[in-house]
Amino acid sequence: MTFQWTKDGDGWISRAGDGPIFTMRLRPKGDGRWDWEIVRGDSKPVIATGIVSSLGAAKTIAANFVNRSGLV
């Protein structure tokens with residue numbers, strides 16, 4: 001599945017599935033790394049999160065989590 005990423009302040013956001021089923025948010029940290037988090041729908045709590053070294057890595061990890069969930 002291909003995800004459409006949209007600029008959200010200083011970060012990025014993408015929604016996956018109808019409803020949506022998941023919302024993926026990526027935010028830069030002050031040291032050049034990126035924080036990623038995934039929530040069900042548009043609400044809390046966070047079901048997956050992490051910190052990686054680049055924006056590309058954050059997009060890849062978040063997309064892999066959603067694709068492997070089997071829900072979209």
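Strands (E, at least two residues) and helices (H or I, at least four residues) are DSSP runs, numbered from the N terminus. What you're looking at is a predicted model, where local features need pLDDT of at least 70, side-chain atom pairs count only at pLDDT 80 or more, and totals for chains, interfaces and linings use all residues. Residues are numbered from 1 along each chain as its sequence is written, and side-chain values use heavy atoms, with hydrogens and water left out.

**Strand E4 and its partners**

- Let's start with E4: six of its seven residues are buried, so the rest of the structure largely encloses it. Buried means under 20% relative accessible area, exposed means over 50%, and partly exposed is in between (1.4 Å probe, protein chains only).
- E3 and E4 run antiparallel and are joined by seven bridges; two strands count as paired if DSSP finds at least two bridges between them.
- Within that pairing, Leu26 has Trp36 of E4 as its bridge partner.
- The E3–E4 hairpin has five residues between its strands, and Gly32 in the turn shows a positive phi of about 95 degrees.
- On to E5: six bridges join it to E4, and these two strands also run antiparallel.
- The hairpin of E4 and E5 has five residues between the strands, and Gly41 takes a positive phi near 65 degrees.

**Two cis peptide bonds**

- Gly19 and Pro20 are joined by a cis peptide bond, with omega about 0 degrees. You'll find Pro20 in the loop between strand E2 (11-16) and strand E3 (22-28).
- Lys44 and Pro45 are joined by a cis peptide bond too, with omega about 10 degrees. Pro45 sits in the loop between strand E4 (34-40) and strand E5 (46-52).

**A closer look at Ile47**

- Ile47 has a relative accessible area of 39%, so it counts as partly exposed.
- Leaving out residues up to four places away in sequence, Ile47 touches Phe22, Ile38, Val39, Arg40 and Phe65; contact means heavy atoms within 4.5 Å.
- Ile47 and Glu37 are 10 residues apart along the chain, and their C-alpha atoms are separated by 7.6 Å.

**Out at the start of the chain**

- Met1 lies in the segment before strand E1 (6-8).
- With 56% relative accessibility, Met1 counts as exposed.
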